[in-house]
Amino acid sequence: MTDNNVMKGSAGTGLLVLSLLVMVAGFGYAAMNMAAHGHAAFNTDANVAWGQPISTYLYFALASSGLGLLAAVPLVFKVKEYYPVAKRCIFLAFIILISGMAVLAMELGHTFRMIWALPFGMQVQSAMFWMGVLYALDLLFLLWKFQRMEGRDWDSKTTLQIGIASFLGVLLASGNLALIFGMMSMRPFWFDPSLPIYFYLTGIASGMAALVFYTYLAYGFDRGKMPAALRQLMEGGLPKLFVTLLGITFLFIMVRMITGLYANAPEINLVWSDYILASPVYHISLWGGILLPFLLLLSPTLRVQPAVQVACAVLVFGGLFAERYFFVVGGQVIPLFKGTWAWDISQYAPSATEWSLTFMGAAMIFVLYVLGEKMFNLSDSPADTPSGASQPAGAKATA
Amino acid sequence: MTDVLNAKFTRRRFLQASGATGAAAAGTAGIGKLVGFSAAGASSREARAASRGQTTVTKNICAQCPARCGIDVYTTNGRVHAIYGDTGNPIANGKLCPKGHLGTYFLYDPDRFKGPMKRTNPSKGRNEDPGFVPISWDEALNTVAERINRLRENGEAHRFAHFYGRGWGSSDAGLYGDFGKLIGTPNSAIGHASMCAEGSKRAKAATDGNNSYNSYDYANTNYILNFGASFLEAFRPYNYLMQMWGHMRSKSPMTRTTAVDVRMNPTLAAADRAVMVKPGTDGAMALAIAHVILVEELWNKDFVGDFRDGRNRFRTGQRVPAGSFDEKWTYGLVEWWNAELKDRTPEWAEGVCGVSADQITAVAREFGTTRPAMAIMERGPTAHTNGVYNGMAIHALNALSGCMYAEGGLFYQMGPSYGGLPANSDDYMDNISREMQGRHPRIDMAGTDRWPMSGHMMQETAKNHNAGDPYKLDTAMFFYTNPIWTAPDTAEWEKMMAEIFVIDTSPFPGETAMFADLILPDHTYLERLQDSPTYPFEGWPMAALRVPAVDPIYDTKHFGDTLIEIGKRINGPIGDFYRELDNVENCLRHRAAGFSDDPGDNGVRDFETWKEKGVWYRKPYHWKQHRGVFYEWDGDGYNKVMTEEEVGEKLLKTGSGKFEFKSSFLEGNAGYITGELGVSRNRVGYPQWLEPRHTGGDRPLHFITPKVPMTAEGRSGNIPHAIAQMQPMVGGNQTTFLEIHPQTARARGIRDGDRVKITSDLGSIYAYARYMPSNRPDAIVLPYEHGHWAQGRWATAQERSVNPGNPSDITANISDPISGLACYYTGKVDLERA
Amino acid sequence: MAKWGMVIDLDKCTGCQACTTACSMENNTLPGENWQDVLYYHEGEYPSAQMKWLPRPCMQCEEPSCVHVCPTRATYKDDEAGGIVFIDWNKCIGCKYCMIACPYGVRFYADEQPLVEPDLKAAFPGEDGQLWSPPYQGPQEDWSRGIGIQPKGVVSKCTFCHHKVSQAPAGTPDLDEDDPDLKEYVPACVRTCPPKARYFGDLDNPESNVNKLIGNKRGVRLKDETGNRPQVYYLGAGANIPAFQRRQRS
């Protein structure tokens, strides 16, 4: 089978080296600062206890879950058109989650203690406990599923069952992740029983952006090099799904925003009016990172263009990263019961160390991604799909 | 201000120097102690647990304010780790204020001086590194003694001066008198009283003849009218006042309070009625209250007396015929009314102090109809040029309510039954001592015709020295005082201190030390053996004792021993005197011998029991006024009725033997008062309204620099936990903010958080602004603590040494001519965005 | 076993912060990491402004939301120890979820940038697992209950001075600092409170003074709507937490 995947070549190696450098540098910088200053290297404090490393983790975990859910489209719901992205979805879901966990590991006070304290504690009341359990299961199922795909077992009963289990695992993991925030009645900005739905939808949007970006990246942003079935998907159903997801994401954000602005409770209202909407970064992210790609993709002529798709994916990266950040920090900026000690809305901006962890996580995704593209055939799909037979259009040019 | 900024760098080098020298000094003198100090960090948690020894509790007295709360110091394995109030101490009663617990920081402050040092850099200035090098105690003490011997031989003993702030008792400041008499200087010692609260003492001297702060019976009072005594922040004894507050606010009937102040504070916030007056006008309000009390016939007739025919003739604006009123324990009421009070209506006062006439009338009626009711005051109303008159007007209310010496009222403190020193200094005077007696005035001119009614005028010293009038000092030794930072017009002090030989005895780095030629570091209070008779408290005598909790951890020396050791090195019989004293412990043993004839209520009868209990006291107070009759304690009860003569001799120590509304004390200085204040000669004796002379001319804003609960005798600027709790009212936990009413700020384009420039006649300082809508729009408030530029690593970090700057830098040196009290709160300033 | 409760009378409290410093020295907390604090609030404007204050220990809730969220059971409510909520520093993973879940903001990570510089953690560097090791640290230490100086990477909180309280004779209805036999068992903040605005006793004992005070003076619990059911009660005027409002900045 001809493979036009540029990641397998020197371009991929170059990207691998580059991202490895960024990852090591990010890790090294953070580790050095944390060795010297402990968690004082972060800008978090008693008011804003969860900062950008947590929002980065959340961003990655939800992107991973989104990819897991996207993978279920062909694998559970048998929408065969999506087979060409199934394996890449599963792989990306796996590595993005791993990267997110790496960032979280650097954020925790005692990461290694968690490994035994969590199972021994068996604190079933804690959503955080379930996060550990469910994301561990999620990882396990993703790995198992991927192993099945590597074995080209696409349709056996077992593999379907694993797919369903994985799908449920993703739903539970990300839904539970939402409840970590959504069940906190003392944090009204987060307190919301429907938060899992919001996380699912925005997570899929996030996953979709990752899928689009990394799929194009594999082929050097040249759709002509893609296998036909993949190409067809990227020209047809997928951008439509992408724009739908962005529309729903935007709608959901608007609903939360309107509710928040309408509410009298300062822990909600002021977060929106005086923190989130007072931030130019948020405006750029919302209008440029969610609404703009939505509008671009709404146009039937634009949305099929590879450059537009990739650009939109990148914009959505930024838009949803900011969305996660403002979600996490926004829930904490109104000081709880601090009197004059907290003179006004809490000020938080990530430190260099916290940024370095974000870069470390992002670079780790690239490292694992390139390795994956090199080691596996992530565009693989069942032989009986149309793509199995056809030749990529641009094959001759690059062979 | 650039100087101040530059000082940060110099300061760091200074600290390095002092640290290094400390270690070096330890090499010669205190090595065992130092090793013990550094080795105590346990190597493992298990070792820490295993090595946990017995916890011992020693008695001490807190040294962070004048209150003298007894403390229990908890020590385990040679480390002090907790301080709680001493249950057996009548002031502390097991309680402490927020400062008290932080005492361990004083002991373990890493910035402490670690041994005696001398200066090597002859240039002095804020930015000059003193270049301290360690020396031995012998060298240090010899240096001082040689200077004194030389001055004495040259007939210049008066050019040696002691300065002190918080003197504790006979074992430190108590040694000054003999020291000055023997070496022949009038300047042993210049006290800080005139920069503290002399105004209230003089107001009382002028009215009831006691030149003293009061004792109070808060436990039994039903009404407190409080003028500018920061009862729930800094008034002493703060800890005890809060205990009393808890009692007063939960007893039946509950004590009601009206608080009068110039800014929002906890005292005002907790009061039943909060009144904010224009700074310096409290006296006007007090006079109007007195007016209402008289017009509405609410005075205490048992104490004050009544009209002969029982018909009230006090009518607004109308004179009362002389001889129509029979006074009992007061003197001059009718004259006062006719000369001053008849026109001091609430409506008049409203125009002066800004408090509505209705409010004043309501306060007057409450005060006049509640018994017992007391009017209290402290530095707030008296730190103005009209301070004593303000204070007299307020204190006069205590006569009108009849609470002087009454249950729930005010009285005066008795002294402890101390034994004498092992030697009498009179027997050790030499020719020089005798020749120098009375030859030169004090450098501060206190008690001369320049300041005839003042005992101390420390704030005048630098000015006088710089002018060479009356002479120039040669050597100055400082104990528990830091006027180069705290006195008004600090620039004068920097000039003087650069010229003379300066000896600092503080255990800590500070601004005085930056200008010092010699550092003779004292122990911190947890390492000291030191006595401390009580400040005015509940009247009955009390004397507490500091017992060292640990051996000195550095090569330091008790200030009392330093004085005695210097004395031993003075030529001639003087040295013999100090050899007789020998050391502080010996002196204290002699003092404690006095207890054997008068054992304390807690069984203290000698030095050993004193050490064990930490305090000697003997109740009850010996006098009581009840319904206009004065009684004396006869051993069983207040059974002995006192004659007028006895009252005049023991209690109302005025010319008339009465509480005077027409002060014989002031009339005796009428010429001076007329000259200084422009009060006509025949009116000088009356409590009266006198316009304060604010410095700063037409500048629009009053500059108020209050003490907050965390203000620990000038040291909390370098205590991390104190910094973190310094100004809770506006969230000042890293620095102190300038509190501004938003309207005042907006008019100047100042936003909350802006750096602002405060300018007086003397110059400018900077601070960060915080909006405080509860303050007066015409007053800006900067708590007095930060702005120390040489106190240690915490004092100077995070801009605390420059933003805010030191308020004293821009406080003009102006004093109330009568009391001599420096007018810290009378300055007016400009404010702008920096 | 007793159920320890605290009663704070706001009509007597003077807002002095003695409780705060007593706690910080007894428990060796860092500046600003106030297990116990007094919070100030303002309303209104000169000449009719109000200023009020609210002392705030850990509420030792009956339904502690912090305990529910802890993934490792590091934080737990110990009914055998009077219902005190502890943190086991051997189990805490430093996820800070409890800090998020506590409605009263009384949990501290401490391994943070210092409020007051230079950092005390640098002035007195931590030895043997301690975050910092001041020369004046108290002798008590029990990491399983979060007592002593905290190690890195864990959350700390008020323990109701368990190391003192637990030494009290069983069955004592009230730990009154004025009783010389009991004073060493009284929590630091209660023991030192100058106006005696704090009381500490057994909420399970109907005869205890704390129960009498709560009954007679209509004690309330802060943020009762959270359902956390504090074991700390407030008496007197001002026992509520004003809603957050932004300050005028210009």
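This is a predicted model: local features need pLDDT of at least 70, side-chain atom pairs count only at pLDDT 80 or more; totals for chains, interfaces and linings use all residues.
Residues are numbered from 1 along each chain as its sequence is written, while chains are lettered from A and ligands numbered from 1 in the order in which they are written.

**View 1. Strand S30 of chain B with its partners S28 and S29.** Strands here are DSSP E runs of at least two residues and helices are H or I runs of at least four, numbered from the N terminus; two strands pair if DSSP finds at least two bridges between them. S29(B), residues 755-759, runs antiparallel to S30(B), with five bridges joining them. S28(B), residues 738-740, pairs with S30(B), residues 764-771, in the parallel sense over three bridges. There, B:Glu739 has B:Arg770 as its bridge partner.

**View 2. The surroundings of B:Ala290 in the largest nonpolar core.** Such a core is a set of buried Ala, Val, Leu, Ile, Met, Phe, Trp, Tyr and Cys residues joined through C-beta atoms within 7 Å. Buried means that 20 or more other C-beta atoms lie within 10 Å of a residue's own, with C-beta atoms placed from the backbone. The largest core has 483 residues, and B:Met285, B:Ile289 and B:Ala290 have the most contacts inside it. Two residues are in contact if their C-beta atoms, placed from the backbone, lie within 7 Å. Apart from neighbours within four places in sequence, B:Ala290 touches B:Leu341, B:Ala393, B:Ala396, B:Leu397 and B:Leu400.

**View 3. Chain B where it meets chain C.** Here 66 residues of chain B and 57 residues of chain C make up the contact. On the chain B side, S3(B), residues 79-85, gives the most, with six residues. Other elements that supply at least two residues include helix H2 (45-50), helix H7 (238-248) and helix H30 (793-796) of chain B. By residue type, this side divides into 32 nonpolar, 24 polar and 10 charged; Ala, Val, Leu, Ile, Met, Phe, Trp, Tyr, Cys and Pro count as nonpolar, Asp, Glu, Lys and Arg as charged, and the others, Gly among them, as polar.

**View 4. Chain A where it meets chain C.** In this view, 42 residues of chain A are in contact with 41 residues of chain C. Helices H4 (111-121), H5 (127-150) and H10 (266-276) of chain A are the elements giving two or more residues to the chain A side. H4(A) has the largest share, five residues. The chain A side holds 22 nonpolar, 13 polar and seven charged residues.

**View 5. Chain C on its own, with seven helices and nine strands.** Its radius of gyration, taken over C-alpha atoms, is 18 Å, close to the 18 Å that the globule rule (2.2 Å times the number of residues to the power 0.38) gives for 250 residues, so chain C is as compact as a globular protein of that length. The C-alpha atoms fill a box of roughly 55 × 50 × 35 Å along the principal axes. Of the 250 residues in chain C, 64% are buried.

Key
A residue is buried if 20 or more other C-beta atoms lie within 10 Å of its own, exposed if 12 or fewer, and partly exposed in between; C-beta atoms are placed from the backbone.
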